[in-house]
Amino acid sequence: MVTRMVPIDDLILSAVEGDRNAQLYLARAYRDGNDVEKDEFESMRWFEAAAKNGHRRAKYELAILLESEGPVHDTERAIKLLKELSDAGDVDSKYHLAKCYLEGAGVEKDRDTAEELLYSCIRKGSQRAKTRLADLYYNDEAYESHLKSQILYHELAMEGDKNAMFKLYIMYKGNSGMRKDPKIAGKWLQAAADAGHEKAAKLIQENSSS
């Protein structure tokens with residue numbers, strides 16, 4: 001199996017011979033201009049070759065390439081590939097497709113579908129999907145949404161997420177329509193600072209000097 005740390009000539013030879021990993025790395029090389037002249041058409045060709053050889057990651061990166069504003073831009077095809085991968089259980093594709101539905105990028109905006117996709121990612125252990133969904137609920141005005149965001153932030157905080165800890169501080173401080181509890185807010189502020197959250201540490205320092 002070819003790894004990335006091979007000379008470009010050997011990589012090209014292995015790709016031509018049908019090694020799907022070599023095809024993936026060569027596609028990336030053409031996409032980024034690493035050791036070869038940047039060429040999105042060549043990148044697309046090798047992503048397609050790797051995808052046809054059963055490389056799921058190559059299919060995902062092909063979709064992202066097609067979605068970009070470069071010369072191979074094809075939003076309709078990109079969404080089609082993302083949906084195929086999502087239906088097959090690919091977490092990155094589910095997450096990216098959720099973003100598309102939230103932003104109306106290549107598809108009509110559909111909050112319900114986006115939430116379903118994010119929850120599907122969460123069930124597969126995706127931290128960033130949990131964060132995205134928590135932020136989504138946090139920015140809603142409804143009390144029920146804030147409660148959902150609080151639950152998700154608490155899960156993230158218990159997993160060591162310093163930004164979630166700081167969000168809980170804000171929520172318990174009373175800045176989000178939730179129950180105000182200065183004692184719990186202070187605990188989460190300290191936890192965030194201890195975890196390396198710079199703004200939390202600065203707030204503690206300012207409070208102690210005032």
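In this predicted model, the axes of helix 3 (residues 40-52) and helix 4 (residues 56-67) come within 8 Å and cross at roughly 150°. Axes are lines fitted to C-alpha atoms, for helices over the stretch in contact, and angles run from 0 to 180 degrees between N-to-C directions; helices are DSSP runs (H or I, at least four residues) numbered from the N terminus. Helix 3 and helix 4 are therefore roughly antiparallel to each other, a term applied to angles over 145 degrees. The crossing of helix 3 past helix 4 is left-handed, the near helix being turned anticlockwise from the far one by less than a right angle. Contact (heavy atoms within 4.5 Å) is made by Glu40, Ser43, Met44, Phe47, Glu48, Ala50 and Ala51 of helix 3 and by Ala58, Lys59, Glu61, Leu62, Leu65 and Leu66 of helix 4. These residues comprise 8 nonpolar, 1 polar and 4 charged, where Ala, Val, Leu, Ile, Met, Phe, Trp, Tyr, Cys and Pro count as nonpolar, Asp, Glu, Lys and Arg as charged, and the others, Gly among them, as polar.

Helix 4 also packs with helix 6 (residues 91-103), at an angle of about 20° and with the axes 10 Å apart. That makes helix 4 roughly parallel to helix 6, the class for angles under 35 degrees. Here, too, helix 4 passes helix 6 in a left-handed crossing. Arg57, Tyr60, Ile64 and Glu67 of helix 4 meet Asp92, Ser93, His96 and Cys100 of helix 6, a set that divides into 3 nonpolar, 2 polar and 3 charged residues.

For helix 9 (residues 143-158), the 16 residues should span 22 Å at 1.5 Å a residue, which agrees with the 23 Å between its end C-alpha atoms; the expected span is 1.5 Å times one less than the number of residues. Its buried residues (under 20% relative accessible area, 1.4 Å probe, protein chains only) are Ser145, His146, Ser149, Gln150, Leu152, Tyr153, Leu156 and Ala157. Their cover includes helix 8 (127-138), helix 10 (162-173) and helix 11 (182-194). Just after helix 9, Gly160 adopts a positive phi of about 100°.

A positive phi, near 70°, also occurs at Asp35, a residue other than glycine, in the loop between helix 2 (20-32) and helix 3. Asp35 counts as exposed because its relative accessibility is 68%, exposed denoting values over 50%.

Residues are numbered from 1 along each chain as its sequence is written. Local features of the predicted model need pLDDT of at least 70, side-chain atom pairs count only at pLDDT 80 or more, and totals for chains, interfaces and linings use all residues, while side-chain values use heavy atoms, with hydrogens and water left out.

Terms used: Helices (H or I, at least four residues) and strands (E, at least two) are DSSP runs, numbered from the N terminus. Angles under 35 degrees count as roughly parallel, over 145 as roughly antiparallel, 65 to 115 as roughly perpendicular and the rest as oblique.
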